[in-house]
Amino acid sequence: MTVWVLGDQLTREHGPVAERPDEPVLLIEAHAFAERLPYHPQKLTLVFSAMRHFRDELRDAGRDVHYHQVETFGDGLDAHFDDTPADDLRMMCPAGGDADRLRSLVEERGGSLEIVENSLFCCSRKLFDDWAADRTGDNYRHEDFYRHIRRETGYLMDDDEPVGGEWNYDEDNRETPPDDWTPPGPPTFERDEITRDVDSWVADRFDGSYDEAPYGGSWADPEAFRWPVTRQQALSALEDFCTDRLATFGSYQDAMQRDSWAMSHSLLSSSLNLGLLDPREVIERAIDTFERGDAPLNSVEGFVRQVLGWREFMRHVYRRERDELGAANQLNATEPLPDFFWTGETDMACLADVIEGVRRRGYSHHIERLMVLSNFGTTFGIEPRALNRWFHAAYVDAFHWVTTPNVVGMGTFASDVLSTKPYAATSNYVDRMSDYCGDCRYYKTKTTGENACPLNALYWDFLGRNEDQIRSNHRMGLVYSHWDDKDEEERDAISDRAAAIRQAARDGDL
Ligand code: FAD
C-alpha cells in the first residue's frame, strides 16, 4: 500500500500521510501538465519547489518517498507500478472533487485507488450536500451557507448567536486608508537552492510554451519570487499577517492603493491551496488574535468569512456544478481577451497597475480581481472561458476549483448559480476605493467623448445590451431607473463610445 499525494495536498498533519506513518509516499511531478496553459513562471516554480521541499521533509522524517519527475501522471504511475506491481494506492480526494480520471489511470495499470475525504477543507462533502439539499430555490447562496458553517464549526459563536451579535460587519469594511497610512510590508521568502534550481529549470523548459501569449516569454522578475514553499514558511507568513496586518484587514479590505499591492491582505491563498496551511489553523489563529484583543471583530469576522465562508463555498459549488460553470455564458459575451491582459500595456491606470502586479508576482488582491479585472471583463463582454483561462494561467493561487466559480460565477455573472447580480460598476467605484483615477489619462467624470473613462460607457452599454437578461433582477431596479432616464441620443453616444473602446482594445490602443 502506498499513499499518493497530489501537488496541492502537501500536508503531513492530515489525511493518509498522517494516518499511515509507516507506508511509503508517491509524488509525481507531471511536467506536460504545466504546458497546457501559458502559466506564470512563479506559479510553476511555486508548485514544483513546494513539492520538492515536501519530498525532502518527508525523507528527513524517515519516510520512504517515490518521487517521479515525468511528463504525465500516466508515466509516473507506469514507473510506480514497474517498481511495485498491483499496488493499492490511497489518496485524499482532489480538491475539485473528481477522482475518476486518476482511478482509471491506476486501474489500467493493474492497481487500485482508494479515495478518502480531502481533510484540507473545513466543510465535508456530506455537510455541504446536506445543507444544499435543504436549501430552497435553484441557486447557492453564500450568506446562508456561511451562517450554517459558523454554527456547525462554532467559530466566532456564542452558543447559537454570532459573537458581537452580527453575522457580518461589512458596513465597517469599506474604508479607504488615510494618505499617510503605510502598511507593514509583507514578508518575502528568499529563494533557496531548491527554488533557484526549479526557477532556472522552469525558465528553460517552459519558455517555449509562452508563444501564444504576446508577452515575449518573461512575465516575472525571478528575484521578485516571494511565496512560501514550505510549511514552516507558510506558518511564518500566517504569524506575520496576524501580528502586523489582520487588525486593519477588515477596514481596508476593499481599498486599492497604487503603492501598496498587498494592503492588509493575508497573501495566504497559495499556501492554503497547496496544503501548506490548514484552514482551521488559519481561522483559529485569527480568532485567537481577536480574543487577545489584538484585532477588532470587524477584521477578524471579515477574514474568517473569506476562509471559512467563501473558500469552502466556492470549492463545493464547483464540485457540484463543475460542468455548468465550465460552459456557462448566460450573457453571451464573445469578445476575445485583449492583449493588454498579458502585457499590461494600457493607459487605464487601474488596469495597468493591477496587471503589472500580476505580471510581477502572480497576485492581486480580491477587489482588484473583482472590481477592476472582472468588472472590465464583464462590461467589455470578454468571453468568460477566455477570462477564466487567463486567471488560471496568471495567478500563483489558481486552481480550477477556485478560479472557475470566482471568474465565471462571481466575477462575470456568466452563470447565476452562485451570484444574484453582476458585479459591474462605473469609475465611481474605482475612484471611491482607490487612488488610481487622479492622474489617469481618462476622465473619471466623463462617459462619452474621446478621453472619457472606458469603465463608464462600458457599464451603461452593458446594462443596455443585457437588459432582457438582467432588468428583471430586483437588485438591478435602481440602476435601470438611471438607464431609463437616458434619452435616445445619450444611449447612442454611449453605444458609439463602447464600440470605439472595443476597437481601441483590439488595436492595442486603449
Ligand atoms: P485575503 O484577502 O487575505 O483572504 C483570506 C483568504 O480567504 C484567501 O487567502 C483565500 O483563501 C480565501 N478567500 C477569500 N475570498 C475567496 C473567494 N472568493 N474564493 C475562495 N477563497 C477566498 N482565490 C484563489 O485562491 N485562487 C484563485 O485562482 C482565485 N481567483 C479569483 C478570481 C476572481 C475573479 C475573484 C473575484 C477572486 C478569486 N479568488 C481566488 C479569491 C480571492 O480573490 C483570493 O483568494 C484572494 O485575493 C487571495 O489573496 P489573499 O490570500 O491575500 O486573501
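Good morning. The protein is assigned three domains: domain 1 (2-116), domain 2 (125-186 + 230-321) and domain 3 (340-506), with bounds from an automatic or database domain assignment. This is a predicted model, in which local features need pLDDT of at least 70 and side-chain atom pairs count only at pLDDT 80 or more, while totals for chains, interfaces and linings use all residues. Residues are numbered from 1 along each chain as its sequence is written.

The centres of domain 1 and domain 3, taken over C-alpha atoms, are 39 Å apart. Contact between them involves 10 residues of domain 1 and 12 residues of domain 3, contact being C-beta atoms, placed from the backbone, within 7 Å.

I turn to the ligand. It is surrounded by 28 residues, of which H265, S266, S269, Q306 and R311 are the closest; the criterion is a C-beta atom, placed from the backbone, within 6 Å of the molecule. Two or more shell residues come from each of α10 (269-274), α12 (297-327), α15 (366-380) and α17 (400-411), helices being DSSP runs of H or I with at least four residues, numbered from the N terminus. Because domain 2 and domain 3 both contribute to this shell, the ligand lies between them.

Finally, consider α15 and α17. Their axes, lines fitted to C-alpha atoms over the stretch in contact, come within 10 Å and cross at roughly 65°, on a scale from 0 to 180 degrees between N-to-C directions. The two helices are therefore roughly perpendicular, a class spanning 65 to 115 degrees. At their contact, L370, S374 and G377 of α15 meet V407, M410 and G411 of α17.

How values were computed: Angles under 35 degrees count as roughly parallel, over 145 as roughly antiparallel, 65 to 115 as roughly perpendicular and the rest as oblique. Two residues are in contact if their C-beta atoms, placed from the backbone, lie within 7 Å.
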